[in-house]
Amino acid sequence: MRKTLHSGLLAATLPGFLLLAACGSNQSAEQSTTTAPAADSTHTKSATMPTSASFGKTPDGTEAQLFTLTNKQGAKATITNYGGTLVSLLVPDKDGKMGDVVLGFDNVDGYAGPAFRKANPYIGALIGRYGNRIKNGKFTIDGKAYQVGVNNGPNSLHGGKVGFDQKIWEATPGTSDEGQTLTLKYLSKDGEEGYPGNLQVTVVYTLTDNNALKIDYTATTDKTTPVNLTNHAYFNLSHGVSKDILAHEVTLPADRYTVVDATLIPTGELKPVKGTPFDFTTPHAIGERIAQVPGGYDHNWVLNGSGEGQHAAATVYDPTSGRTMEVATDEPGIQFYTGNFLDGSLHGKGGTVYGLHGGFCLETQHFPDSPNQPKFPSTILKPGETYRTTSVYTFGVRK
């Protein structure tokens, strides 16, 4: 996670973490997941660059761009510099057929138009300056009180009224030893949405040759500030064959979750998942127990991992397509959200109607409301420190 912020925090504040070697390690051999062959260790930088095209104009007349990353196996990821948004992600199913596994829209108006702004589902976007909720939009740093934008009942959500999801990012396509890349930069100025400090953010998307989408986040500040960056992609691994994701089987290597109040703010309790519908330590279909969770899943799980380095965060399997997705991160938590507020009012790519539970999110993160929860791992970034975190979404098939 953060080079200077993360070391020792989990061990000190969250005793009892267990390190899992692999997500879903208790699955039977018949359920084993296979991924595409790993890239050759002698692989050098891709000879081809990502392509770009116009994605339309925002309401203020700014032209957005759409960038396409392609790997050697034919997988493709398209990303717009509007909100740093992941628009599409094409990966193979069990028969080798490519399909788009994320929700999105055909042009920038789908993301910036009035229907989307009214629903405000953050589909595919980069989230900041603070992913998830801050109670009443208030926190105190070094004795100074701050008020940030309130946009979710009494609370601040995903950066406030105009978060990073609504910004045009500076975009630079490129290549690396792992595959084609898109580097996005944004300067969040001191006082933006009430947050202190000029925060320089860089996010690098990489589409690797083993069908993984890697997202690297870094940030620096000139004033002490909370930072919690993530991506808000909605996944449906069936490529639209199923209109909802209730049959998807999810595994979360997390023995606890953060209990929340009626406005989805953590109470501070880290409750064991055992014996509850929040227990995904073994695979369960999303729809199996969702009726027992008022409103559906929209909670932070405390991942079984501690210290520096990548650890398993989730495994998802779609029986319809055979596709699998494995999530790894260096973050201490993951928000599992089941599209509870999708209501059919939004029509996505190709006119697809996005109804209730039309997609799920797995947002790697620090815990909600951490600036007001001293027992949670800290999200405070200070001048001279560098915020660093990486999350990887790897796609495979189960035959």
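**View 1. Salt bridges across the whole structure.** Six salt bridges turn up in a search of the whole structure, a salt bridge being a side-chain nitrogen of Lys or Arg within 4 Å of a carboxyl oxygen of Asp or Glu. Please keep in mind that this is a predicted model, in which local features need pLDDT of at least 70 and side-chain atom pairs count only at pLDDT 80 or more, while totals for chains, interfaces and linings use all residues. Residues are numbered from 1 along each chain as its sequence is written, and side-chain values use heavy atoms, with hydrogens and water left out.

**View 2. The salt bridge of Lys-349 and Asp-100.** Here the N to O distance between the two side chains is 2.5 Å. Lys-349 sits in the loop between strand 26 (346-347) and strand 27 (353-354), and Asp-100 belongs to strand 6 (residues 98-100), so this pair ties together parts that are 249 residues apart in sequence. Helices (H or I, at least four residues) and strands (E, at least two) are DSSP runs, numbered from the N terminus. Both Lys-349 and Asp-100 are buried; buried means under 20% relative accessible area, exposed over 50%, and partly exposed in between (1.4 Å probe, protein chains only).

**View 3. The salt bridge of Arg-117 and Asp-165.** The closest N and O atoms of this pair are 3.5 Å apart. Because Arg-117 lies in helix 3 (residues 114-119) and Asp-165 in the loop between strand 11 (156-157) and strand 12 (170-175), the contact ties together parts that are 48 residues apart in sequence. Arg-117 counts as partly exposed, at 22% relative accessibility, whereas Asp-165 is buried, with a relative accessible area of 4%.

**View 4. A salt-bridge network around Lys-214.** The side chains of Lys-214 and Asp-216 meet in a salt bridge of 3.9 Å, N to O. Salt bridges that share partners join Glu-178, Lys-214 and Asp-216 into one network. Lys-214 is buried, with a relative accessible area of 17%.

View 5. The whole structure holds 26 aromatic pairs. Rings of Phe, Tyr and Trp (its six-membered ring) pair if their centres lie within 6.5 Å; planes under 30 degrees apart count as stacked, over 60 as edge-to-face and the rest as tilted. Tyr-257 and Phe-278 have ring centres 4.1 Å apart and planes at 15°, so the pair is stacked. Both Tyr-257 and Phe-278 are buried. One aromatic cluster is formed by Tyr-257, Phe-278, Phe-280, Tyr-297, Trp-301 and Phe-336.

**View 6. Two arginines over ring faces.** A charge sits over a ring if NZ of Lys or CZ of Arg is within 6 Å of the ring centre and within 35 degrees of the ring normal. Arg-289 lies over the face of Phe-280, at 4.8 Å from the ring centre. For Arg-398 over the face of Tyr-317, the distance from the ring centre is 3.9 Å.

**View 7. The open sheet 20-19-22-25-28.** Five strands make up this open sheet, with antiparallel pairing; two strands pair if DSSP finds at least two bridges between them. Strand 20 and strand 28 (361-365) stand at the edges with a single partner strand each, so one side of each is left without a neighbour in the sheet. Five bridges join strand 22 (residues 298-302) to strand 25 (residues 333-337), and Val-302 stands opposite Gly-333 in strand 25.
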